[in-house]
Amino acid sequence: MQLRFRLLLTWALAALVVTLNAQGVTKETVPGVTNFARVETTIACAGATTPAAVAGIKKMGYASIINLRVPTEPGANVDAEAAAAKTAGINFFNIPFNGQSPDPAVADKFLATITAKANEPAYIHCSAGNRAGAMWMIKRLVVDHWDTDKAYTEAATLGLTAPALKQFAIDYAQSHQR
């Protein structure tokens, strides 16, 4: 019985350490944005974002917007968002990421974009936050060298819900170690 208690206590402490080591994620309500979640001052991940929200994102201090939506998605409005970004003076990147058929080349482009100093801090979004969370998990695994559990815990808080995208992130990281 005492051994079982020690194992349970060890597991609980390990889970607590993983949770505490993840950067603080805060959820906020932002007009024109679905599922806004900020990781301290590093990034924000979100879902659908209207062009009207872009000026506010710039005022929040973000240097870039990385839109992962495929332009043909219903409601994507990529061209209008790009125009709003140009008007607001914020870097804009559309890196179409198909969550049903994830492509490692998209992750390559995302990592090159997210790690460029001129693009920090970045606002990353898709339609719900699922793909944005997956791409951020890839960044944590490949660039920041986080362990899988810690990276997934943060990504899930940011919006990653699809087991297939979680596995894509893990597989990508295993084959693209830096």
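How many salt bridges does a search of the whole structure find? The search finds six, a salt bridge being a side-chain nitrogen of Lys or Arg within 4 Å of a carboxyl oxygen of Asp or Glu. The structure is a predicted model, in which local features need pLDDT of at least 70 and side-chain atom pairs count only at pLDDT 80 or more, while totals for chains, interfaces and linings use all residues. Residues are numbered from 1 along each chain as its sequence is written, and side-chain values use heavy atoms, with hydrogens and water left out.

**Confidence**

- The protein has a mean pLDDT of 87, and 87% of its residues reach 70 or more, where pLDDT is the predictor's confidence in each residue, from 0 to 100.
- Over residues 2–22 the pLDDT is below 50, and this stretch has eight contacts in the model beyond near neighbours in sequence, a contact being heavy atoms within 4.5 Å.
- Where pLDDT is low, the predicted coordinates should not be read in detail.

**Salt bridges**

- Side chains of opposite charge can pair when their charged atoms come close.
- In the salt bridge between Arg 131 and Glu 73, the closest N and O atoms are 2.7 Å apart.
- Arg 131 belongs to helix H5 (residues 130–142), whereas Glu 73 sits in the loop between strand S4 (64–67) and helix H3 (78–88), so this pair ties together parts that are 58 residues apart in sequence; helices (H or I, at least four residues) and strands (E, at least two) are DSSP runs, numbered from the N terminus.
- Both Arg 131 and Glu 73 are buried, a class that means under 20% relative accessible area, with exposed meaning over 50% and partly exposed lying in between (1.4 Å probe, protein chains only).
- Lys 139, Arg 140, Asp 144 and Glu 154 are linked in a network of salt bridges.
- Because Glu 154 lies in helix H6 (residues 148–158) and Arg 140 in helix H5, the pair ties together parts that are 14 residues apart in sequence.
- Glu 154 is itself buried, with a relative accessible area of 1%.

**The sheet**

- Six strands make up an open sheet with mixed pairing, in the order S1-S2-S3-S6-S4-S5, and two strands pair if DSSP finds at least two bridges between them.
- The edge strands, each pairing on one side only, are S1 (25–28) and S5 (91–94).
- On average, neighbouring strands of this sheet are turned by 20 degrees against each other, direction ignored.
- S1 and strand S2 (residues 36–39) run antiparallel and are joined by four bridges, with Thr 26 standing opposite Arg 38 in S2.
- S2 and S3 also run antiparallel, joined by three bridges, and here Val 39 stands opposite Ile 43 in S3.
- S3 and strand S6 (residues 122–125) pair in the parallel sense over four bridges, with Ile 43 opposite Ala 122 in S6.
- From strand S3 (residues 43–46), Ile 43 and Cys 45 point one way and Ala 44 and Ala 46 the other way, and all are buried.
- In a regular strand the side chains alternate between the two faces of the sheet.

Key. Axes fitted to C-alpha atoms, helices over the stretch in contact; angles between N-to-C directions.
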